[in-house]
Amino acid sequence: MADTEHDPSAATRHRHLPAVDTLLRQSPELLARWGHQQLTVALRAGLALLRQRIDRGEPVDATIGSIQRNVADQLEADNRNSLQAVLNLSGTVLHTNLGRACLPESAVAALCSAARNPSNLELDLSDGKRGRREVHVESLICELTGAEAATVVNNNAAAVLLALNTLAMGRQVPVSRGELVEIGGSFRIPEVMQRAGCTLVEIGSTNRTHLRDYEQAITGETALLMKVHASNYRLEGFTSEVPEQELASLARKTGIPFVIDLGSGSLVDFASLGLPQEPTAAAAIANGADLITFSGDKLLGGPQAGLIAGRRELIAQLDANPLKRALRLDKLALAAMEEVLKLYRNPSAALDQLPTLRQLTRPQADIAAQAERLAPLLSEAVAPDYRVSIAASASQIGSGALPVECLPSACLCVSPQAGSDSALRHLAAVLRRLPLPIIGRLQNGTLWLDLRCLEDEQRFTEQLEALAEAMA
Ligand SMILES: *Cc1c(COP(=O)(O)O)cnc(C)c1O
């Protein structure tokens with residue numbers, strides 16, 4: 001059967017396959033759902049597959065009904081969205097690869113309404129004149145940070161770029177060598193400075209930078225004093241950095257604006273929530289920063305955005321930069337941001353309704369109890385090739401926030417009975433292919449499923465039937 005050219009029976013059987021035109025005529029429902037062009041291509045591909053299988057001597061079902069079913073399944077599979085929901089059991093609450101913060105329901109509703117309807121995005125309803133889109137969040141940002149004025153852009157990278165380009169193009173910016181960080185991907189402070197058109201003046205050393213280093217770096221060409229929150233790494237041991245208040249008073253003395261890139265920048269005091277201390281936006285303003293920038297979708301728990309707050313005349317300069325138009329925040333994120341900021345007016349409501357804060361503060365006992373409930377169910381789905389146990393673990397906040405300090409959590413640990421690496425990778429791949437993909441973490445020959453972010457248990461248990469099927 002291998003050599004089909006000399007196999008007259010295969011050629012004969014090809015002739016029994018229905019023609020594409022016949023199939024099209026007999027599939028009015030598929031035609032309505034997928035359209036002529038798409039269905040024709042899928043039918044041709046389906047028939048080609050059948051011919052190959054006939055050539056290999058495999059048994060085939062070439063009835064019209066069977067071809068229609070296979071083609072319909074294939075079209076549905078191809079039509080599955082590339083961007084889809086997953087369960088984040090990675091143990092990192094704000095995972096950049098998994099979309100960072102999840103929005104609270106009120107923000108989702110506002111976002112949908114802005115998507116569905118025209119809005120007063122840039123229209124002042126009081127006088128009917130053209131307005132700024134930033135007004136919808138500016139007063140909230142000012143209220144929550146203590147700043148005079150504020151604006152928003154696409155993300156914090158854009159905020160830093162806009163601030164540097166507006167206030168320091170063609171001039172010098174001294175930055176401590178301990179703060180020349182790479183945030184991830186291609187966002188590195190020295191390179192962003194270059195693209196913004198400013199000259200980085202490196203000062204101090206990696207571990208220690210003093211006020212005199214800033215003082216000595218100041219020339220007639222100095223445009224800004226800048227501090228970058230080191231976010232994703234921590235200097236320990238013989239270290240020293242200049243407190244914000246001291247830099248602020250140097251800035252006032254010299255008339256040079258003081259800008260802080262806070263990275264995550266929280267709006268609530270994390271220590272009061274029992275979480276690792278994080279700089280708050282309000283503290284940075286109170287310490288005398290002229291401008292601060294921070295992300296919308298990190299600790300804030302909102303949509304992707306870059307928030308900029310500070311002195312009125314600086315914000316006005318940023319808003320007047322032609323780059324601002326290229327970096328502006330879209331209306332969907334703006335609608336969500338307004339709702340998220342409103343929640344912060346009542347910190348206990350923020351804690352209750354913002355998924356990020358709720359997940360970060362979820363008690364370990366809660367997570368451990370959930371692990372006890374789910375372990376037997378998962379065990380049944382992956383038996384007999386894999387075994388499930390429960391282990392205490394440590395979740396990470398993620399997105400550059402305090403990588404050193406972790407949150408006590410609990411994991412379901414799945415490991416192959418035969419202990420092989422490929423069995424483990426197979427399991428991870430099966431979990432990624434579930435209707436709702438489950439994303440865990442591979443570590444020490446085990447797949448760790450950290451339950452901290454599993455708020456809706458049913459979404460997990462609903463996957464177990466498909467998992468058991470895929471394991472069988
Ligand atoms: C995360 C981060 C950025 C980039 O923020 P995005 O919102 O991801 O663009 C910039 N600076 C610091 C210090 C950060 O931690």
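1. Helix α19 crosses α21 in a right-handed sense (the near helix is turned clockwise from the far one by less than a right angle). The model is a predicted one, in which local features need pLDDT of at least 70, side-chain atom pairs count only at pLDDT 80 or more, and totals for chains, interfaces and linings use all residues. Residues are numbered from 1 along each chain as its sequence is written, and side-chain values use heavy atoms, without hydrogens and water.

2. The axes of α19 (residues 421-432) and α21 (residues 464-471) lie 10 Å apart, at an angle of about 135°. That angle makes α19 oblique to α21 (angles under 35 degrees count as roughly parallel, over 145 as roughly antiparallel, 65 to 115 as roughly perpendicular and the rest as oblique). Axes are lines fitted to C-alpha atoms over the stretch in contact, with angles from 0 to 180 degrees between N-to-C directions.

3. H426, L427, V430 and L431 of α19 meet L467, A470 and M471 of α21 (contact: heavy atoms within 4.5 Å). By class, six residues in this contact are nonpolar, one is polar and none is charged (Ala, Val, Leu, Ile, Met, Phe, Trp, Tyr, Cys and Pro are nonpolar; Asp, Glu, Lys and Arg charged; the others, Gly among them, polar).

4. G255, which follows α11, has a positive phi near 70°.

How values were computed:
Helix = DSSP H or I, 4+ residues; strand = E, 2+ residues; numbered from the N terminus.
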